[in-house]
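Thank you all for coming.

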Amino acid sequence: MQRDSGCKCDASKFPSMLYYLANNLPGFPWQKLKTHSSLFDNGIHGRLIGPRTRCERSLVPRGDITNQQILESVIVLSNQQITKEKEPIMSSKPKETPAAKPKEAPASTGKLAFLVLCWYAGNTFYNIYNKKATNMIHAHWFVATAQLVVGIVWSLVMWATGIRKAPNLTAADIASCIPIGLFACLAHAGSVLASAVGAVSFAQIVKACEPVFAAVVGLLVPPVDVKPLLAYAMLLPIVGGVGLACIKEGKGVDINVSAFLYASMANMAAALKGKLGSSTTKALKSDKSKNMDAANVYAVMNIISFCCSVPFVVVQELPTLKEEWEKAVEVNGSQALITNIVVSGFMFYIYNEFAFAFTAHVGSVTSSVLNTAKRVIIIVVSAIVFQEAMERNTVIGSAIAILGTFAYSLASKKPAPKAKTS
């Protein structure tokens, strides 16, 4: 039987009507009528379901209260109950429960191997072509910014052709990504500048110290991230290895201060980007309507990073940019210069996109371990291509630092919480 939310009954037949409601609306909140006890000489006690005489006996209106006023109170409570309930009382249809979302199938070993191969190859070629470009033109902020432009063009083509869904972000979403884009800009520029003013191998050795910066940022920037004690112990061989690599036989400490500072800037910016960006990117990825998968997250960060890089170019290099460009073209030719900048920009974007995709599948710890192994390849290849001297202390020190980074990545993994047993 369906209930009628309204009432067209005569208030003079109140006792009979109330009895009808009591026996046909088992979901009606009779106890709430206690809050209207001022309408009655005797309040309501217990559920008013039973013989008609019991209902009439339990409701004795005050002398100055009409049956119409009492009935209106009953109707108000009845309507509230009807609104609150999602299904009719007499319905026997079971409530449907939402179907559980199917879990995403884990990536195959072949796919993960392909992602790592493209990541490593792209990163290695990027460092080679980036070094060639910065050797040709002494406008390194410009080179770093131009590389980001290549990635922006690639993203726009992917979105325009429908190969990849375009992000659907609000102004608030974009604003929340600006700090991440700024630190991504500084991390990228620091790496470019470090390799430009020094050896690629030395820049990679210093960048192996990134866990040290990440650990400090984790303790100083809320929410505090405390690593296991063993992880902090692994920072010692990282710092010691980098220090040993800076000692030249017969010369003592021989360090390219500019390259060291730029690489350290890249480390600090990368640590801050990871700290501040994890919660933001996770929230964007969880909202499917925003189309923010791993590839689009990096694409958006790349665009914001470019916007943050332009002011540095204007302040640092714009007054001499035309002169430097003409010098580079005169010595190397425009085709070679443009090719190295474009190829390095494309490789930079591609290797980061593959790295983001790999991390999304396996997690940050495994990604950090493989990122450490990647540095070994870059150091060896760059030393061969650019004929960079690798003395004994450099080899031993870099090996210690990289192994320390490898151990730190493994030790940083916190054990999963134990399930509670009843």
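Let me begin with a definition, since much of what follows rests on it: when I say contact, I mean heavy atoms within 4.5 Å. Please also keep in mind that this is a predicted model, in which local features need pLDDT of at least 70 and side-chain atom pairs count only at pLDDT 80 or more, whereas totals for chains, interfaces and linings use all residues. Residues are numbered from 1 along each chain as its sequence is written, and side-chain values use heavy atoms, with hydrogens and water left out.

First, the overall picture. The protein chain holds 16 helices and two strands, where helices (H or I, at least four residues) and strands (E, at least two) are DSSP runs numbered from the N terminus. Of its 422 residues, 41% are buried; here buried means under 20% relative accessible area, exposed over 50%, and partly exposed in between, with a 1.4 Å probe and protein chains only. Among the contacts with a separation of 6 or more, 81% are between residues 24 or more positions apart. The accessible surface comes to about 23,000 Å², and 64% of that belongs to carbon and sulfur atoms, with areas taken from the Shrake-Rupley method with a 1.4 Å probe, and with only the protein chains shown counting as cover for residues.

Two packed helices are described by the angle between their axes and the distance between the axes. Axes here are lines fitted to C-alpha atoms, for helices over the stretch in contact, and angles run from 0 to 180 degrees between N-to-C directions.

Take helix H4 (residues 109–136) and helix H6 (residues 171–197), which pack at an angle of about 65 degrees with their axes 9 Å apart. That angle makes H4 roughly perpendicular to H6, given that angles under 35 degrees count as roughly parallel, over 145 as roughly antiparallel, 65 to 115 as roughly perpendicular and the rest as oblique. On the H4 side, Tyr 126, Asn 127, Asn 130, Lys 131 and Thr 134 meet His 188, Val 192, Ser 195 and Ala 196 of H6. By class, the residues of this contact of H4 with H6 divide into three nonpolar, five polar and one charged, where Ala, Val, Leu, Ile, Met, Phe, Trp, Tyr, Cys and Pro count as nonpolar, Asp, Glu, Lys and Arg as charged, and the others, Gly among them, as polar.

The next pair is helix H5 (residues 140–160) with H14, whose axes are 8 Å apart at an angle of about 60 degrees, and that makes H5 oblique to H14. The contact of H5 with H14 has 11 nonpolar, five polar and one charged residues.

H14 also packs against helix H13 (residues 318–332), where the axes come within 7 Å and cross at roughly 110 degrees, which makes H13 roughly perpendicular to H14. This contact brings Trp 325, Ala 328, Val 329 and Asn 332 of H13 against Ser 334, Ala 336, Leu 337, Ile 338 and Ile 341 of H14, and the residues divide into seven nonpolar, two polar and no charged.

Which residues does Glu 353 touch, not counting residues up to four places away in sequence? Glu 353, placed in helix H14 (residues 334–362), touches Trp 154, Arg 164, Ala 295 and Tyr 298, and with a relative accessible area of 14% it is buried. Thr 339, also placed in helix H14, is partly exposed at 37%.

Ile 378 sits in helix H15 (residues 364–385) and counts as buried at 2% relative accessibility. Leaving aside neighbours within four places in sequence, Ile 378 is in contact with Asn 123, Thr 124, Asn 127, Val 200 and Gln 204. Ile 378 and Asn 127 are 251 residues apart in sequence, yet 7.6 Å apart in space, C-alpha to C-alpha. As for helix H7 (residues 200–207), eight of its eight residues are buried, so H7 is largely enclosed by the rest of the structure.

Finally, two points of backbone geometry. Most residues other than glycine have a negative phi, and most peptide bonds are trans. The peptide bond from Pro 222 to Pro 223 is cis, with omega near -5 degrees, and Pro 223 lies in the loop between helix H8 (210–220) and helix H9 (229–233). Asn 291 has a positive phi, near 55 degrees, in the loop between helix H11 (257–286) and helix H12 (294–316), and at 23% relative accessibility Asn 291 counts as partly exposed.
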